[in-house]
Amino acid sequence: MATHAPATRPANPRFSSGPCAKIPTFSLDKLSDAALGRSHRAAVGKTKLKDAIEGTREILGIPADYKIGIVPASDTGAVEMALWNLLGARGVEMLAWESFGAGWVTDVVKQLKIDAEVKTADYGQIVDLTTVDTKNNDVVFTWNGTTSGVRVPNADWIADDREGLTICDATSAAFAMDLPWDKLDVTTFSWQKVLGGEAAHGILVLSPRAVERLESYTPAWPLPKLFRLTKGGKLIDGIFSGATINTPSMLAVEDYLVALDWARDVGGLQGLQDRADANAQAVFDFCDARPWIANLAEDEATRSNTSVCLKFDDARIQDGATFAKAVAKRLEAENIALDIGAYRDAPAGLRIWCGGTVETADIAAMLPWLEWAFEAEIAAQG
Ligand SMILES: Cc1ncc(COP(=O)(O)O)c(C=O)c1O
């Protein structure tokens, strides 16, 4: 049993699931070209915002006829903008299998008061996607449930000839997983996740059918200025070419541009996916070889390659929540792994971010310490 401390430490102990580790080459002087103290409407700022939009399109392979907007309030802002603008036109199905998906259910059912069909699954599981009527209903779902480490295995359940819209919170999936754009009408994410960017802004991606809905349907409820995407029944095109609704952080924009450059350097989307896959595989292999720890995601096909959630399984553990917290605390105290406790609403355990900004060597160096911390806590229970 590895009760002695391992010899190697991760060079970077940052395994938080958001804000996530910055790109491995990051330093503050990389942001020195930021358009600070200038109007974001001046040519210099507007060009950077446009570059952020087009860089997103290039790396994620988003079709030319999809709109990409930089919006306020991070991923939450982008999702809520979509819900408030688009829902109410037809039946709605809400899918949730962890905390963030559950939050969108609350928005739709309690705030918008839509009589939606709500389909939920426990942490570690996923709803039966074959029961979802994407042909007729608008469907809201999370591609990767960040707090349970469960993702949709594919988009085969989404009809090609659908009349409803698919609204997908892809914040911990974009830049790490394949997103089939033909199946997604609204896709959202934040810069603070897989690319290790800064929070504050969200990205909202709209298919032509989502734009058509925006231009043909007016919700019954009022929309604050921050949410308004149309004017006089027409899409406000400026939002999708860098004329943001309100003032963006040009420092955050610069940081995102730097991260996009790094993404190109590591091989674009494929390179990012390979990095996340290698990181997650190292964790999966570690768990497979030990009886006392397991992936929270029950079905292998749904296992996240970004927010990998783990649970302890050992009869010697007296109090699961206390134990998991103590392991995380021990690793934090040693500066081996920061912020890896399970999300506050999730079952007791750990969550290890495996997105592309994390180096596989750091995951490999951290895991023996996890075993060390586990053994130390078992011993400490007395
Ligand atoms: C699936 C999911 N949705 C939404 C959010 C909220 O993101 P933000 O804080 O960037 O608005 C998060 C953050 O962790 C998330 O994981």
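**View 1. Phe 286, Trp 292, Phe 312, Phe 323 and Phe 374 come together as one aromatic cluster.** The model shown is predicted, with local features needing pLDDT of at least 70, side-chain atom pairs counted only at pLDDT 80 or more, and totals for chains, interfaces and linings using all residues. Residues are numbered from 1 along each chain as its sequence is written, and side-chain values use heavy atoms, leaving out hydrogens and water.

**View 2. Trp 292 and Phe 374 form a stacked aromatic pair.** The structure holds 13 aromatic pairs (ring centres of Phe, Tyr or the six-membered ring of Trp within 6.5 Å; planes under 30 degrees apart are stacked, over 60 edge-to-face, the rest tilted). In this one, the centres are 3.8 Å apart with 5° between the planes. The partners sit 82 residues apart: Trp 292 in the loop between α6 (268-288) and β12 (293-295), Phe 374 in helix α8 (residues 360-380). Helices here are DSSP runs of H or I with at least four residues, and strands are E runs of at least two, numbered from the N terminus. Trp 292 is buried at 5% relative accessible area, and Phe 374 is buried at 0% (buried means under 20%, with a 1.4 Å probe and protein chains only).

**View 3. Arg 57 belongs to helix α1 (residues 43-60).** Arg 57 is buried, with a relative accessible area of 14%. Its side chain reaches the backbone oxygen of Pro 63 at 2.8 Å.

**View 4. Two charged residues lie over ring faces.** Lys 22 is 4.9 Å from the ring centre of Phe 26, and Arg 303 is 4.9 Å from that of Phe 284 (NZ of Lys or CZ of Arg within 6 Å of the centre and within 35 degrees of the ring normal).

Terms used. Buried < 20%, exposed > 50% of the residue type's maximum accessible area, 1.4 Å probe, protein only. Polar contact = N/O pair within 3.5 Å; in protein donor to acceptor, adjacent residues only side chain to side chain.
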